Amino acid sequence: MDPLSALREFTMRGEVEKIVRVNGEFRFGEEYTFPCSVETAYRSTKGNRYTLETLVHYIKNQHLKHTEYFQNTIALGIPSVTLPDRKPLLQYLQGILSSTDSIEYRPEDPSFAPSSNPLPPPPPPPPPSDDHDFMSMIRAVERPLKDRQSLLECKNRDFYGVLVSATKREEERQRMESHQRKDGLVAKSRLMGADDDLGGYDPTPKPKMHLKGSKIGEGVPIILVPSAFSTLITIYNVKEFLEDGIYIPTDVKVKQMKAARPDCVTVQKKLSRDRVVTAYEVRDKPSSLKPEDWDRVVAVFVLGKEWQFKDWPFKDHVEIFNKIIGFYMRFEDDSLESAKNVKQWNVKIISISKNKRHQDRAAALEVWDRLEEFVRSRSHS
């Protein structure tokens with residue numbers, strides 16, 4: 001009786017527990033005794049023959065998951081059964097399979113094989129392999145889900161809409177980049193309008209607007225905010241509102257600031273995935289603007305008071321809000337009676353909640369949408 005046949009016989013009889021290791025041998029009850037390290041006739045998919053020690057350990061631990069079983073063999077220093085061999089080996093030992101191609105008896109020892117099942121001479125044995133090869137373990141449990149061809153196939157899907165959308169975004173990006181390269185952005189159109197208005201019905205001399213190319217910040221649009229603390233948006237909190245979509249009261253922001261009061265703040269639109277981002281300068285001292293700086297003013301947050309526009313280089317509110325987009329910030333539960341003048345101006349009213357800060361983002365996005373639409377319309381005119 002060879003070791004593999006003896007192990008199969010005891011497994012089919014349900015007497016695996018009677019297989020006991022004594023020193024370097026396995027005793028199959030009182031019937032057989034074999035060395036632990038003897039090679040069996042079962043050849044693994046890697047080419048080597050399994051030892052009796054490997055097969056006995058496997059049949060006693062075949063209920064374990066492969067990772068747990070593999071770690072157990074490493075801890076005990078016993079070569080393991082590979083994952084592809086587990087099922088057919090178990091079925092053969094349990095008698096489900098009568099034979100398998102993995103069984104190769106040595107012809108040089110006829111007594112080792114059953115006489116009823118002679119097999120041709122096996123090929124030369126391959127070089128010994130490392131049963132503890134972790135890469136082999138990984139490859140053994142790999143199961144390909146998709147190949148390169150199946151990933152490239154998109155059945156019953158139409159990506160024409162994606163192409164159209166991407167094309168439109170690219171065209172818009174190129175237009176925005178072209179506009180950004182123009183000095184003053186909308187200054188040229190305002191300058192032409194100022195020349196056309198020299199009809200003489202406003203004799204008050206106004207500063208001449210020029211486009212020059214030697215000043216730092218030339219071409220960067222300017223947003224004006226009130227310097228009074230009574231308004232919601234000031235030089236202190238405008239950056240958090242426009243960039244992060246969060247309103248922080250001015251008095252709270254002033255307490256948080258450790259640096260001196262800024263004269264100018266740069267803001268960018270960060271609330272969308274636009275590839276082209278335009279920078280804006282935010283200032284609260286119109287009196288400090290030079291004549292050529294007014295060419296770059298594109299927006300103003302209004303306080304609702306007439307004196308805010310004192311000494312501005314425009315003849316009236318109609319001209320101001322034709323050339324500059326206006327925003328009026330208010331709490332949604334405040335009465336508009338406190339801003340009677342605003343109703344008469346071409347100004348967009350933006351309402352926010354006193355307590356619901358998660359709604360600030362929508363208000364900030366509305367400001368950006370209106371501002372960008374205004375800039376595009378003025379640059380195309």
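Buried means under 20% relative accessible area, exposed over 50% and partly exposed in between, with a 1.4 Å probe and protein chains only. The model is predicted, so local features need pLDDT of at least 70 and side-chain atom pairs count only at pLDDT 80 or more, while totals for chains, interfaces and linings use all residues. Residues are numbered from 1 along each chain as its sequence is written, and side-chain values use heavy atoms, with hydrogens and water left out.

**Exercise 1. State how many helices and strands the protein has, and what share of its residues is buried.**

Solution. Helices (H or I, at least four residues) and strands (E, at least two) are DSSP runs, numbered from the N terminus. The protein has 13 helices and 11 strands. Of its 381 residues, 40% count as buried.

**Exercise 2. Describe how helix 2 and helix 4 pack, and classify the residues of their contact.**

Solution. Step 1: two packed helices are described by the angle between their axes and the distance between the axes. Axes are lines fitted to C-alpha atoms, for helices over the stretch in contact, and angles run from 0 to 180 degrees between N-to-C directions.

Step 2: helix 2 (residues 52–60) and helix 4 (residues 83–93) pack at about 85 degrees, with their axes 11 Å apart. Helix 2 is therefore roughly perpendicular to helix 4 (under 35 degrees is roughly parallel, over 145 roughly antiparallel, 65 to 115 roughly perpendicular, the rest oblique).

Step 3: helix 2 contributes Leu 55, Tyr 58 and Ile 59 to the contact, and helix 4 contributes Arg 86, Lys 87, Leu 89, Leu 90 and Leu 93 (contact means heavy atoms within 4.5 Å).

Step 4: these residues divide into 6 nonpolar, no polar and 2 charged. Here Ala, Val, Leu, Ile, Met, Phe, Trp, Tyr, Cys and Pro count as nonpolar, Asp, Glu, Lys and Arg as charged, and the others, Gly among them, as polar.

**Exercise 3. Classify the ring pairs Tyr 42 with Tyr 92 and Tyr 58 with Tyr 69.**

Solution. Step 1: rings of Phe, Tyr and Trp (its six-membered ring) pair if their centres lie within 6.5 Å; planes under 30 degrees apart count as stacked, over 60 as edge-to-face and the rest as tilted. A search of the whole structure finds 18 aromatic pairs.

Step 2: the ring centres of Tyr 42 and Tyr 92 are 6.5 Å apart and the planes are at 45 degrees, so this pair is tilted. Tyr 42 lies in strand 4 (residues 39–43) and Tyr 92 in helix 4, so the pair ties together parts 50 residues apart in sequence. Tyr 42 is buried at 0% relative accessibility, and Tyr 92 is buried at 6%.

Step 3: for Tyr 58 and Tyr 69 the centres are 5.8 Å apart and the planes at 75 degrees, so the pair is edge-to-face. Tyr 58 belongs to helix 2 and Tyr 69 to helix 3 (residues 66–76), so the pair ties together parts 11 residues apart in sequence. Tyr 58 is buried at 1% relative accessible area, and Tyr 69 is buried at 0%.

**Exercise 4. Which residue has a positive phi of about 55 degrees although it is not a glycine, and is that residue buried or exposed?**

Solution. Step 1: the residue is Asn 23. Step 2: Asn 23 sits in the loop between strand 1 (19–22) and strand 2 (25–28). Step 3: at 71% relative accessibility, Asn 23 counts as exposed.
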